[in-house]
Every structure is written in C-alpha cells, then in structure tokens.
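Welcome, and please open your viewer. We will walk through a few selections together, one stop at a time.

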Amino acid sequence: SSQYFSDVSGSYSWAARYVDTLYSIGVISGPAASDGTKRFSPGTAITRGDFMLYLVKALNLYSASPSGNFSDVTAGSYYYDAIATAKALGIAQGANNKFYPNSTITREDAMILALRAMNMSGNAVVSGSVSDLYSYPDNGSISGYAKEAVAALIKAGIVTGSSDGKVYPKSTITRAESAAMLYRIKY
C-alpha cells in the first residue's frame, strides 16, 4: 500500500511504488479528503491537463519562451504553464488551437505525448515497429497515427499491456496507469 495515499491499496497495490516515488519527488499530487487522508483516485481516468502537467514535471521539461497557449487552457490554471511548455516544444499539438485539458485522455494519445516528450528531453527510446504489436490481440484497434508511439513504448518496456494481454488503445488511461508509465519513463 501507498505510504501517502489511503486509496492506493488493495487492487491498486501494484501502483504504490510508482505513485509514492513520483509523489515524493513532486511529480504527482492528490487532494486531501475530509478526514485528512490524501487520495490519489488511482482508478479514475486522468485528464489531459493532469497528464501533461505530470509528464512535464517528470521529464523536467522547460521552454525559455512559451509563446501562448491553446485557446481552451485558462490562464492561471494549475496546468497552464505545463501545457504552454508542451505546446512551445511541439509535444502538445492540439486540434483547432484547443487541447481539451479537462477531458480524459486515451491510452494511445498518452503514449504519443509521452514519446514526443521523451524525444524532446533526450530520453529517446528505440523505435518500435508494427511487428512489435502483433502479440497484442487488439493491435488492430490502434490508430494509424499512434502505432509508432505504442510500438516504441512497448518495445522499451514502458507500456506492458494489461493482464489479459491487450493494449486497450482507445480506453482512457487511469491515474495509476499513468503513474506507472511516468515512473518507467523517468527511471
């Protein structure tokens, strides 16, 4: 179980090491409950804003001159600077000048952002190929634009797939799964 978050236990015990390490170095956070305990909400889908914030923090990304932000990222929001940095570095590209920071993020989109961030930070991984995806029964549901990123992160061991051997590219990524991914990227 987590030493910091009361809800990272039981079926989420597997994530405790990832969550605790990232929390101890200031990458992730979680709100305090009314009883004073901290909650991480490991099974909740992570938002695009939170994922980007954690990714930028995990890789210590910085842009000397972030030139604005997406039109739907509110100035002063806790993720504003992280998304502006990601935009300036070409990691976050958005659509129609929008990033949708309060929407959840799919597993494949998280992998795309992670690979771009890793390449930008100098933590590049070995390229993967479509053949690296053949052992996953749901490889056909991976979007064409995401195959390279998914294959690279699988080949590098950053993404391992689920216990039933699937990638679930179109499913949202949970806070626990994102912590595991970020930990493997960082360490």
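How close do the axes of H4 and H6 come, and at what angle do they cross? Before selecting, a word on the model: it is predicted, so local features need pLDDT of at least 70 and side-chain atom pairs count only at pLDDT 80 or more, while totals for chains, interfaces and linings use all residues. Residues are numbered from 1 along each chain as its sequence is written, and side-chain values use heavy atoms, with hydrogens and water left out.

**Stop 1: H4 and H6**

Select residues 107–121 for helix H4 and residues 175–186 for helix H6. Helices here are DSSP runs (H or I, at least four residues), numbered from the N terminus. The axes of H4 and H6 come within 12 Å and cross at roughly 20°; they are lines fitted to C-alpha atoms over the stretch in contact, with angles running from 0 to 180 degrees between N-to-C directions. That makes H4 roughly parallel to H6 (angles under 35 degrees).

From H4, pick Arg107, Ala110, Met111, Ala114 and Met118; from H6, pick Glu177, Met181 and Ile185. These contact residues divide into six nonpolar, no polar and two charged (Ala, Val, Leu, Ile, Met, Phe, Trp, Tyr, Cys and Pro count as nonpolar, Asp, Glu, Lys and Arg as charged, and the others, Gly among them, as polar).

**Stop 2: a charged pair between H6 and H4**

Zoom in on glutamate 177 and arginine 107, which form a salt bridge with their closest N and O atoms 3.3 Å apart (a side-chain nitrogen of Lys or Arg within 4 Å of a carboxyl oxygen of Asp or Glu). Glutamate 177 lies in H6 and arginine 107 in H4, so the pair ties together parts that are 70 residues apart in sequence. Arginine 107 is buried at 10% relative accessibility, whereas glutamate 177 is partly exposed at 27% (buried is under 20% relative accessible area, exposed over 50%, partly exposed in between, with a 1.4 Å probe and protein chains only).

**Stop 3: from H6 to H2**

Next, select arginine 175 and aspartate 50, a salt bridge with 3.5 Å between the closest N and O atoms. Arginine 175 is in H6 and aspartate 50 in helix H2 (residues 48–58), so this pair links parts 125 residues apart in sequence. Arginine 175 is buried at 9%, and aspartate 50 is buried at 12%.

**Stop 4: aspartate 35 and arginine 39**

Finish with the salt bridge of aspartate 35 and arginine 39, at 3.8 Å. Aspartate 35 is exposed at 53%, and arginine 39 is partly exposed at 30%.

How values were computed. Helices (H or I, at least four residues) and strands (E, at least two) are DSSP runs, numbered from the N terminus. Angles under 35 degrees count as roughly parallel, over 145 as roughly antiparallel, 65 to 115 as roughly perpendicular and the rest as oblique. Contact means heavy atoms within 4.5 Å.
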